Amino acid sequence: MAASYRVKEIFYTLQGEGAQAGRPAVFCRFSKCNLWNGREDGRENAVCQFCDTDFIGTDGHLGGVYTASDLVNIISTQWPDLSQGTPYVVCTGGEPALQLDDELVTTLHKAGFEIAIETNGTLPLPDGIDWICLSPKAGAEVVIDRCDELKLVFPQPLAMPERFTGFNATHYYLQPMADYAPVVIASDKLSGAKQSLSATTTRKTLDYCLQHPQWKLSIQTHKLLEIE
Ligand code: SF4
């Protein structure tokens, strides 16, 4: 029987974060995560407690339950011109490693897509993924042994950067925890209130990068740009 994939939403936008920031990409958000059930009443007991993503169900834009070929067909229709650039799909979630498998990787490659995944690293990955973005979470053991970019949300008291300096990654990014960073930077620019910036998580994060230059600052530029 063919595998089926539960997808929350599919949309075309710019990657906003990390080393691929600014690159056009089709985002495929898979339903479900293994570190939180996605409901507010489950947040307190979740392994990952700061999530700001809705990954429950299949009710978002182009969400549904699909076979590999149907899913790749829909993803392909989102790319404006398959003859221009390298079509790029970002498998995100939730935790996409719960569902991304050999069949879907092969089918996406056959359609010409370069494949990225944004994963918490707690589950094994199928071979052939072109860009692995690992975002480790405090209290959750990482089982993958390499990635292209390690993007650590900062600060997480039980997952501070020192724990990951020896991890096999090409790029090391710190990303200020979401509730603070983009909003504060945007409002500071408008008001010129530089004073408040120093107290923010963003300031602490960029200070950490300046003191530990193995790490680069990742800002959620899609929030600054007010796009998806
Ligand atoms: S691991 Fe990622 S998707 Fe899962 S709850 Fe945490 S931030 Fe959300």
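The model is predicted, with local features needing pLDDT of at least 70 and side-chain atom pairs counting only at pLDDT 80 or more, while totals for chains, interfaces and linings use all residues. Residues are numbered from 1 along each chain as its sequence is written.

Let's start with the ligand. A residue counts as near it if its C-beta atom, placed from the backbone, lies within 6 Å. The residues around the ligand are Cys-33, Leu-35, Trp-36, Cys-48, Cys-51, Thr-53, Phe-55, Gly-93, Gly-94, Glu-95, Asn-120 and Lys-137. That shell splits into 6 nonpolar, 4 polar and 2 charged residues. Here Ala, Val, Leu, Ile, Met, Phe, Trp, Tyr, Cys and Pro count as nonpolar, Asp, Glu, Lys and Arg as charged, and the others, Gly among them, as polar.

Now the core. A residue is buried if 20 or more other C-beta atoms lie within 10 Å of its own, exposed if 12 or fewer, and partly exposed in between. A nonpolar core is a set of buried Ala, Val, Leu, Ile, Met, Phe, Trp, Tyr and Cys residues joined through C-beta atoms within 7 Å. The largest one has 40 residues, and Val-26, Cys-28, Val-89, Cys-91, Ile-115, Ala-116 and Ile-117 touch the most other members. Leaving out residues up to four places away in sequence, Ile-117 has contacts (C-beta atoms within 7 Å) that include Cys-91, Pro-96, Leu-100 and Ile-132.

Helices (H or I, at least four residues) and strands (E, at least two) are DSSP runs, numbered from the N terminus. Helix H2 covers residues 102-110, and its Leu-104, Val-105 and Leu-108 are buried. They sit on the same side of H2 because they cover an arc of only 100° around the axis, taken from the directions from the helix axis to the C-beta atoms. On the other side, Asp-102 and Lys-110 are exposed. The cover over the buried residues of H2 includes strand S1 (5-14), helix H1 (68-78), strand S4 (88-92) and strand S5 (114-119).

Finally, some backbone angles:

| Site | Feature | Angle |
|---|---|---|
| Gly-93 and Gly-94 | cis peptide bond | omega about 15° |
| Phe-154 and Pro-155 | cis peptide bond | omega about -5° |
| Lys-32 | positive phi | phi near 80° |
| Glu-226 | positive phi | phi near 55° |

Gly-94 lies in the loop between S4 and H2. Lys-32 is partly exposed, with 18 other C-beta atoms within 10 Å, whereas Glu-226 has 8 and counts as exposed.

Notes
Contact = placed C-beta atoms within 7 Å.
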